[in-house]
Amino acid sequence: MSGHPARAVVAVLWQLCRLLALAVLAFAVWGWTSGQWAGRLFPLVWPRPYLEMVSATAVGSLAAAVVTVPWLIRWWPQRWGWAALAAASPMLLLRGSDLLSYAGSGETRILVMSVVEALLHALALVGGAAWWRRRHGTMPPLPTSLRHDP
């Protein structure tokens with residue numbers, strides 16, 4: 001990133017846009033997949049059983065990892081762990097706000113599932129990235145015609 005200071009700013013903004021796109025993608029894939037899993041395999045009952053909620057979260061988190069990990073490794077080959085945590089940040093923020101909202105309310109199901117969902121999602125992304133790095137190393141660079149780095 002040598003050269004003009006504006007180039008460095010543009011490069012950092014481009015990296016942040018990439019990270020935001022992966023975070024939104026991971027959250028959307030998690031939400032759609034977990035909803036499909038729960039809706040197709042379990043009957044609609046209230047309260048929802050823990051088996052349904054935990055399995056839906058696990059399946060959604062794994063699907064999010066499958067979709068986002070190759071891009072995390074390609075774009076951040078040295079800082080993949082931090083990038084995976086940043087991609088998991090929407091779920092961590094959402095479930096963290098649930099913990100703060102329901103703390104002391106006696107809603108143990110919501111508190112337990114908030115912790116389980118936040119941990120499973122973050123562990124799936126970081127663990128998936130670690131597995132990919134160990135199994136495949138880094139991704140090959142994109143062809144120069146597809147590169148958008150300034």
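A residue counts as buried when its relative accessible area is under 20%, as exposed when it is over 50%, and as partly exposed in between (1.4 Å probe, protein chains only). The model is a predicted one, in which local features need pLDDT of at least 70 and side-chain atom pairs count only at pLDDT 80 or more, while totals for chains, interfaces and linings use all residues. Residues are numbered from 1 along each chain as its sequence is written, and side-chain values use heavy atoms, with hydrogens and water left out.

**Overall build**

- You will find five helices and zero strands here; helices (H or I, at least four residues) and strands (E, at least two) are DSSP runs, numbered from the N terminus.
- Among contacts (heavy atoms within 4.5 Å) with a separation of 6 or more, 77% link residues 24 or more positions apart.
- The accessible surface comes to about 9500 Å², and 70% of that belongs to carbon and sulfur atoms; such areas come from the Shrake-Rupley method with a 1.4 Å probe, and for residues only the protein chains shown count as cover.

- Two packed helices are described by the angle between their axes and the distance between the axes.
- Axes are lines fitted to C-alpha atoms, for helices over the stretch in contact, and angles run from 0 to 180 degrees between N-to-C directions.
- The axes of H1 and helix H3 (residues 80-87) come within 8 Å and cross at roughly 55 degrees.
- That makes H1 oblique to H3, since angles under 35 degrees count as roughly parallel, over 145 as roughly antiparallel, 65 to 115 as roughly perpendicular and the rest as oblique.
- Leu19, Ala23 and Ala26 of H1 touch Ala83, Ala86 and Ala87 of H3.
- H1 (residues 5-41) and helix H4 (residues 89-102) also have axes that come within 8 Å, crossing at roughly 65 degrees.
- Here Ala23, Phe27 and Trp30 of H1 meet Pro90, Met91, Leu94 and Arg95 of H4.

**Aromatic rings**

- The whole structure holds four aromatic pairs; rings of Phe, Tyr and Trp (its six-membered ring) pair if their centres lie within 6.5 Å, and planes under 30 degrees apart count as stacked, over 60 as edge-to-face and the rest as tilted.
- One of them is the tilted pair of Trp71 and Trp75, 5.2 Å centre to centre with 40 degrees between the planes.
- Both Trp71 and Trp75 lie in helix H2 (residues 50-75), four residues apart, about one turn of the helix.
- Trp71 counts as partly exposed because its relative accessibility is 36%.
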